[in-house]
Amino acid sequence: MRFRFGTDIGLRREENQDAVRCEYFGHNVLAVVCDGMGGERAGKEASEIAINEFFQRFSAGYTESLGDEEIRKLLIASVSAANSVIYTRARLDFKNFGMGTTCVAAFVKKNTAFIINVGDSRAYLISDNGLSQITTDHNVSTLLFEQGKISEAEIETHPQRHMLVRAVGVEKTVLADTFILDYEDKISLLLCSDGISGYCSDDEVYDVIVNAPFDSVSEELINLALSKGGRDNITVAVISD
């Protein structure tokens with residue numbers, strides 16, 4: 001199991017409010033990407049808190065003997081722990097009002113990958129056929145599509161596509177989506193903030209992943225987003241078995 005990850009402020013923002021972390025748990029890998037939101041430094045603080053709390057809670061609860069459902073519940077507990085800390089912090093300081101963050105995480109062990117997400121940071125499965133989005137964006141445009149009010153083609157261009165309907169730390173409790181992927185021999189996953197998915201097509205991202213050496217794949221993906229204008233913070237993690 002191997003991974004590469006990176007983050008970049010981009011070309012238009014004054015601060016990088018994204019955060020990313022990948023670590024080994026034995027031969028297994030946990031990767032988390034967060035994209036913070038809020039005034040002043042609140043977004044940066046939210047994403048950093050989320051990453052730290054997520055890993056702390058997961059590390060405290062993880063053992064090699066956990067079954068699949070126990071791992072899924074531990075991922076949910078890890079997101080909930082991050083949510084509680086950010087929610088409390090926002091209410092202790094008025095400058096942090098509205099702080100929150102997206103969160104997408106993957107825990108990959110032999111033959112099984114677990115995905116959890118809140119917000120519009122994404123997880124993709126990388127296969128010989130291209131990229132397949134695993135997660136669903138928790139934003140207004142996706143919600144309108146699910147309600148039949150806009151077409152699928154309008155999702156990526158709708159003016160409210162960046163407005164989240166779910167985020168970590170905004171409400172007292174958080175609802176996360178979870179996915180379990182079984183695989184036989186190999187699996188490759190991409191986690192990213194919307195600094196990549198919002199400005200680069202799946203085909204462009206896939207082309208970079210296929211052609212870049214694995215050691216430099218995160219840098220090449222960041223360079224792709226920068227070449228598109230770098231209008232947002234850019235964060236990526238690639239895991240490959």
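At 28% relative accessibility, R4 counts as partly exposed; here buried stands for under 20% relative accessible area, exposed for over 50%, and partly exposed for anything in between (1.4 Å probe, protein chains only). The side chain of R4 meets that of D215 in a salt bridge, with N and O 2.5 Å apart. The term salt bridge is used for a side-chain nitrogen of Lys or Arg within 4 Å of a carboxyl oxygen of Asp or Glu. R4 belongs to strand 1 (residues 2-8) and D215 to the loop between helix 5 and helix 6, so this pair links distant parts of the chain, 211 residues apart. Helices (H or I, at least four residues) and strands (E, at least two) are DSSP runs numbered from the N terminus. D215 itself is exposed, at 53% relative accessibility.

The structure is predicted, so local features were taken at pLDDT of at least 70 and side-chain atom pairs at pLDDT 80 or more, while totals for chains, interfaces and linings use all residues. Residues are numbered from 1 along each chain as its sequence is written, and side-chain values rest on heavy atoms, with hydrogens and water left out.

The search of the whole structure finds ten salt bridges. Among them is that of R13 with D232, whose closest N and O atoms are 3.3 Å apart. R13 lies in the loop between strand 1 and strand 2, and D232 in the loop between helix 6 and strand 11 (234-240), so the pair ties together parts 219 residues apart in sequence. R13 is partly exposed, with a relative accessible area of 42%, whereas D232 is buried at 7%. R122 and D137 also meet in a salt bridge (2.6 Å, N to O). R122 sits in strand 7 and D137 in the loop between strand 8 and helix 3, 15 residues apart. Both are buried, R122 with a relative accessible area of 6% and D137 with 8%.

Neighbours within four places in sequence aside, L30 is in contact (heavy atoms within 4.5 Å) with residues including F54, F58, L75 and F107.

Helix 5 (residues 202-211) has V205, Y206, V208 and I209 as its buried residues. Seen down the helix axis, these fall within an arc of 160 degrees, so they line one face of helix 5; the arc is that of the directions from the axis to the C-beta atoms. The face turned away carries the exposed residues D203 and N211. The cover over the buried residues includes strand 7 (122-127), strand 10 (188-192) and helix 6 (217-227).

As for the cysteines, a disulfide requires two cysteine sulfur atoms within 2.5 Å, and the count comes to zero. The sulfur of C34 is 4.0 Å from its closest cysteine sulfur, in C103, too far for a bond. C34 is buried at 0% relative accessibility, and C103 is buried at 3%.
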